[in-house]
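Subject: Structure handover

Hello,

Here is the structure I said I would pass on. Please open it first, then read the notes below it.

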Amino acid sequence: MKISYNWLKEYIKTDLGYNQLSEILTNIGLEVESIEHFQSVKGGLEGLVIGEIKEVSKHPDADRLSLTKVDVGTGELLPIVCGAPNVEKGQKVVVATIGTTLYSGNEEFKIKKGKIRGAESHGMICAEDEIGLGSSHEGIMILDNNANIGTLAKEFFGIADDIIFEIGLTPNRIDGASHIGVARDLSAYLSQKEKISYTKPSVDNFKIDNNSNFIDVEIQNKEACHRYAGITVSNIEVKESPKWLKNRLKAIGQKPINNIVDITNFVLHETGQPLHAFDADMIAGKKVIVKTLDEGTTFKTLDEQHRKLASTDLMICNKNEGMCIAGVFGGADSGVSDKTKNIFIESAYFNPVFVRKTSKKHILQTDSSFRFERGVDPNNIIYALKRAALLVKEIAGGQISSEIVDVYPNPVKDFEIELSYLNIDRLIGKKIEHQQIKNILAALEIKIISENGDNLSAAVPPFRVDVTREADIIEEILRIYGYNNVEISTNVKSTISYAPKPDKNKWKNIISDLLSNKTFNEAMSNSLTKAEYFENLESFKAENSVKILNPLSSDLNVLRQSLLFGGLEAVSYNENRKISNIKIYEFGKCYFYKTSNDVSNPLNKYSEEEHLALFISGNKNIGNWNEKEVVSDFYEIKSYAEIVLTRLGYNIEFFKQNEISNDIFEFALEYSLNNKVLAQFGMINKKLLKKFDISKEVYYADIQWDNLFINLPDTKSFQTISKFPEVKRDLALLVDKSIKFSQIKELAFKNEKKLLKQVSIFDIYEGEKLGANKKSYAINFILQDKYKTLNDKQIDKIMNNFISVFEKELEAKLR
């Protein structure tokens, strides 16, 4: 939100510079994120002065150039060569002196002393387009004869020069979404040190000129509209706004439109109260009706879009049709135009929930909806209406032609809150004088209803929608008292807390460091994603998605079931920017909805899991003169997944391994233990990659982080290196092609649990000589006894048992 320094000082009289005010605003909770310098004309016409042409003669060497001498009030005449056809003696003109910088769009050039066709030129007589005051370049800009020589151009033309604060307004501080609101907060802070207060523009001279154009108001939906007020102003003239009003709006990034619309925007940013001006002649039946329309009703908005309304969209209607989406956007047929002569000004308080739902549904974010969604001040409705009506009379003429219609069926009361000095001191951590607390509350316009010893009863005005509890009032007191005024205690207060083991966060940091050291980059994607991703998928069914009731957009309408799609978005984003070698990882939660008939606890239908995802695409390395590029493959993602599992203390040998292929993986391997899936990794399905416009292969590992901690091994355990040697033996087995190595490995460990340490494969052979549907595995076995050296008899017995088991269970033959 933008706040103008000059505009702000109209409501609070202070000599503090903008840097000091910026620091104060940040300290009291209105954080100034940036400070900008605003000029209504780029460059601010610095270096430009008003001059008078005293002499004009033709250039001897150029027919289209003139030699002039110009008086700019310095006591000597400046020789200037001018190419304009309309230059004449006695004209008052704008002169750019030597050293002045002129701007044309994003380009700039500096005026220098020089010679043009041999003639000295010490400046430039300017056209209006050359200094940003118009678009004409037909000749120099000629001023009225009453212009004083030597006057600075920025003073003559009234160029606005301002400082703009960009305030990062938090959602709870809508009371600060206006210049008066910010002035009120500043006043509360500054009044603690000196007698200072903010002032609002007076509306005491408001009066009704006649009642010739009365428009009635009816609120049919009282839940959606708590208060609605309006007034008519007749015989106005819609035209361009005066310079001061346009400059005020330009300074805060608003585009001036016409005097009526500009007034409503000005009052909005001044008071925080959104207004809307209707063409009064377009209000059929001379009655405004606040209601909802039937589901699917078509309504044409100001942007010429035809929108289908929901039955919950609150509308401002006349007797026949809708005129405006309440609090969000105006209609195309009822707004103010150049032909408008009579207007009806609306000032209302709409239910924030209704406005927010409508704004999100139609994807319409406006200054009005921003404020209505968070809650405007219901007690500010009439003041803002009077302020706007007086400005319309002043700027657009006309007469106030009706009484104020104010429909307010259920007035909003102040929030009454009980608090105690004891709790104030306890929560702040410092004892503050009772009188100072009362002064702060009064400056915040919080009334003390009663005081009984240590206890207070306070009434909080409705514009502070976020102050509803004792702790909220205490926070307000501290905010104005100053966080920096609370000394840091030298006492250390702590509680003993039990940290569950294993510590998942600690392990997360360990694995993050491990992967980062392996040249991975960490990604953090949104937990909200597209429902479209899960359509027609068997691996992640659409009905298991947790849906968002009021999504920000169709791209963020469900909670993710997997980290896969966020990772693929990141891969696609990088690939589109010519970053082809990608290694990223992400920790994140995944969310699931389970259809169930269990109505005892609705929360049982929802669950969440934490996962770790790894993504690899492109090359393993960057090629150079002595090293070729090596393309990433399945074994690379396998190695990184196993590095993670091993670092957590798992022994890969004990995992059950299954090959998988589905709508996510082209091919993949799954590791499980005790019927719990720990990891899946492989190459992503090419059809899925095509949806993301990814041209290269992507390898993906999904590690189920929560399952890893069910039976996490004790990584602190250790054992001495055995004094007795390992024994290695090899077997060449002829088996059916359907037999997997994992089956052989599982049988071996099942048959010999004590002495078998490792089983590995070092060769696979297939050929016609072996027979149809046959293949040969060359397998290595490592045996070791911790307490003695194995002899041949023991070794032969174990190996013979292996052969026997393989023949019986797998129909294997020894080659």
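Contact here means that heavy atoms lie within 4.5 Å. Please keep in mind that this is a predicted model.

I start with helix H8, which covers residues 367-374. Ser368, Ser369, Arg371, Phe372 and Glu373 of H8 are buried. What do the buried residues of H8 pack against? Their partners are helix H6 (259-271), strand E23 (343-350) and helix H7 (352-361). Directly after H8 comes Gly375, with a positive phi of about 105°.

H2 and H4. Helix H2 (residues 18-27) packs with helix H4 (residues 179-190) at an angle of about 90°, and their axes are 10 Å apart. Angles of 65 to 115 degrees count as roughly perpendicular, so H2 is roughly perpendicular to H4. On the H2 side the contact is made by Leu21, Ile24 and Leu25, and on the H4 side by Val182, Leu186, Tyr189 and Leu190. By class, the residues of this contact are seven nonpolar, no polar and no charged.

H11 and H12. The axes of helix H11 (residues 434-443) and helix H12 (residues 470-481) come within 10 Å and cross at roughly 95°. H11 is therefore roughly perpendicular to H12. H11 brings Gln436, Ile437, Ile440 and Leu441 to the contact, while H12 brings Ile473, Glu476, Ile477, Ile480 and Tyr481. The contact of H11 with H12 has seven nonpolar residues, one polar and one charged.

H18 and H19. For helix H18 (residues 741-751) and helix H19 (residues 792-810), the axes come within 10 Å and the crossing angle is roughly 130°. The crossing of H18 past H19 is right-handed. Gln743, Ile744, Leu747, Ala748 and Asn751 of H18 make the contact with Asn801, Phe802, Val805, Phe806, Glu809 and Leu810 of H19. Seven of the residues in the contact of H18 with H19 are nonpolar, three are polar and one is charged.

Now the cysteines. How many disulfides does the count come to? With a disulfide taken as a pair of cysteine sulfur atoms within 2.5 Å, the count comes to zero. Cys324 is in no disulfide, and the nearest cysteine sulfur, that of Cys317, is 9.5 Å away. Buried means under 20% relative accessible area. Cys324 has a relative accessible area of 4%, so Cys324 is buried. Cys590 has 1% relative accessibility and therefore also counts as buried.

Last, two residues in loops. Ser545 lies in the loop between strand E30 (528-529) and strand E31 (546-547). Is Ser545 buried or exposed? Its relative accessible area is 6%, so Ser545 is buried. Not counting residues up to four places away in sequence, Ser545 touches Phe534, Val558, Gln561 and Tyr593.

Gly134 is in the loop between strand E11 (123-125) and strand E12 (142-143). With 34% relative accessibility, Gly134 counts as partly exposed. Leaving aside neighbours within four places in sequence, Gly134 is in contact with Glu128 and Asp129. From Gly134 to Ile739 there are 605 residues in sequence and 84 Å in space, C-alpha to C-alpha.

Regards

How values were computed: Residues numbered from 1 in each chain as written. Predicted model: local features only at pLDDT ≥ 70, side-chain atom pairs only at ≥ 80, totals over all residues. Heavy atoms only, no water. Axes fitted to C-alpha atoms, helices over the stretch in contact; angles between N-to-C directions. Helix = DSSP H or I, 4+ residues; strand = E, 2+ residues; numbered from the N terminus. Left-handed = near helix turned anticlockwise from the far one by under 90°. Nonpolar A, V, L, I, M, F, W, Y, C, P; charged D, E, K, R; others polar. Buried < 20%, exposed > 50% of the residue type's maximum accessible area, 1.4 Å probe, protein only. Parallel < 35°, antiparallel > 145°, perpendicular 65-115°, else oblique.
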